[in-house]
Amino acid sequence: MSIRRKGACFSSGYFGELASAQAAAVAVAPPGGKRYAPDKLVDVLHIKLEIGFDLEAKAVRGKATHTVTPILDGLRRLVLDCCELTVDEVRDGAGQTLRFDHDGAELTVFFPRALSGKETLDVAVAYHGTPR
């Protein structure tokens with residue numbers, strides 16, 4: 001799911017990295033120029049969006065809470081598409097701050113430990129911006 005408005009996007013394309021040999025695999029371009037979606041590493045159970053708009057300033061502020069379950073054991077990080085927005089903070093369901101990196105296009109959330117496939121986790125991303 002992607003939310004786009006005038007060029008901005010916050011997408012719940014759920015990609016992550018396993019703490020296993022699978023994470024060490026090198027991506028190779030497929031023959032014939034075909035492109036495939038990345039492997040799905042979490043099941044998305046629910047997405048809660050809390051969004052506020054400042055129409056005069058043409059700005060948005062919000063929080064997207066993603067409830068996910070890892071498909072396999074060993075999930076160490078989650079990568080979300082997040083362009084044209086500034087990420088203010090990322091927290092888990094218990095309110096603990098999660099370390100993250102945002103390069104302007106992707107948001108990588110790092111978990112303090114490898115997650116089991118039997119766990120359900122909330123990841124809440126607070127953000128703001130003035131999209132095009």
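User: Is V44 buried, partly exposed or exposed?
Analyst: This is a predicted model. V44 lies in strand β4, residues 42–54. Its relative accessibility is 34%. Buried would need under 20% and exposed over 50%. V44 therefore counts as partly exposed.

User: How far apart in space are V44 and I71, C-alpha to C-alpha?
Analyst: In sequence, V44 and I71 are 27 residues apart. In space, their C-alpha atoms are separated by 10.0 Å.

User: How many salt bridges does the model have?
Analyst: The rule takes a side-chain nitrogen of Lys or Arg within 4 Å of a carboxyl oxygen of Asp or Glu. Counted by this rule, the salt bridges come to six.

User: Which residue forms a salt bridge with D43?
Analyst: D43 has a relative accessibility of 33%, so this residue counts as partly exposed. The closest N and O atoms of the pair are 3.2 Å apart. The partner of D43 is K40.

User: Which strands does the salt bridge between R61 and D88 tie together?
Analyst: The closest N and O atoms of R61 and D88 are 3.4 Å apart.

User: Is D88 buried, partly exposed or exposed?
Analyst: The relative accessible area of D88 is 36%.

User: How far apart are the closest N and O atoms of R132 and E84?
Analyst: R132 is exposed, at 64% relative accessibility. E84 is partly exposed, at 28% relative accessible area. They form a salt bridge, and the closest N and O atoms are separated by 2.5 Å.

User: How many residues apart are R132 and E84 in the chain?
Analyst: R132 sits in the segment after β10 (121–129). E84 sits in the loop between β6 (75–83) and β7. The pair links distant parts of the chain, 48 residues apart.

User: In which sense do β8 and β9 pair?
Analyst: β8 covers residues 99–102 and β9 residues 106–115. R99 stands opposite F110 in β9. Four bridges join the two strands, and the sense is antiparallel.

User: What is the phi of G104 in the turn?
Analyst: β8 and β9 form a hairpin with three residues between them. G104 is in that turn. Its phi is positive, about 100°.

User: Is T108 buried or exposed?
Analyst: T108 lies in strand β9. Beyond four places in sequence, T108 touches R77, L78, V79, R99, F100 and D101. Its relative accessible area is 11%, under the 20% cut-off. T108 is therefore buried.

User: How far from D92 is the nearest side chain of opposite charge?
Analyst: D92 is found in strand β7. D92 is buried yet has no salt bridge. The nearest side chain of opposite charge is that of R91, at 7.1 Å.

User: Which backbone nitrogen does the side chain of D92 reach at 2.8 Å?
Analyst: Set aside residues up to four places away in sequence, and D92 touches L98, L121 and D122. Its side chain also reaches the backbone nitrogen of A94, at 3.0 Å. The backbone nitrogen reached at 2.8 Å belongs to Q96.

Methods:
Residues are numbered from 1 along each chain as its sequence is written. This is a predicted model: local features need pLDDT of at least 70, side-chain atom pairs count only at pLDDT 80 or more; totals for chains, interfaces and linings use all residues. Side-chain values use heavy atoms; hydrogens and water are left out. Two strands pair if DSSP finds at least two bridges between them. Buried means under 20% relative accessible area, exposed over 50%, partly exposed in between (1.4 Å probe, protein chains only). Contact means heavy atoms within 4.5 Å. Lys and Arg count as positive and Asp and Glu as negative; His and the chain ends are not counted. A polar contact is a pair of N or O atoms within 3.5 Å; within protein, one must be able to donate a hydrogen and the other to accept it, and residues adjacent in sequence count only if both atoms are side-chain atoms.
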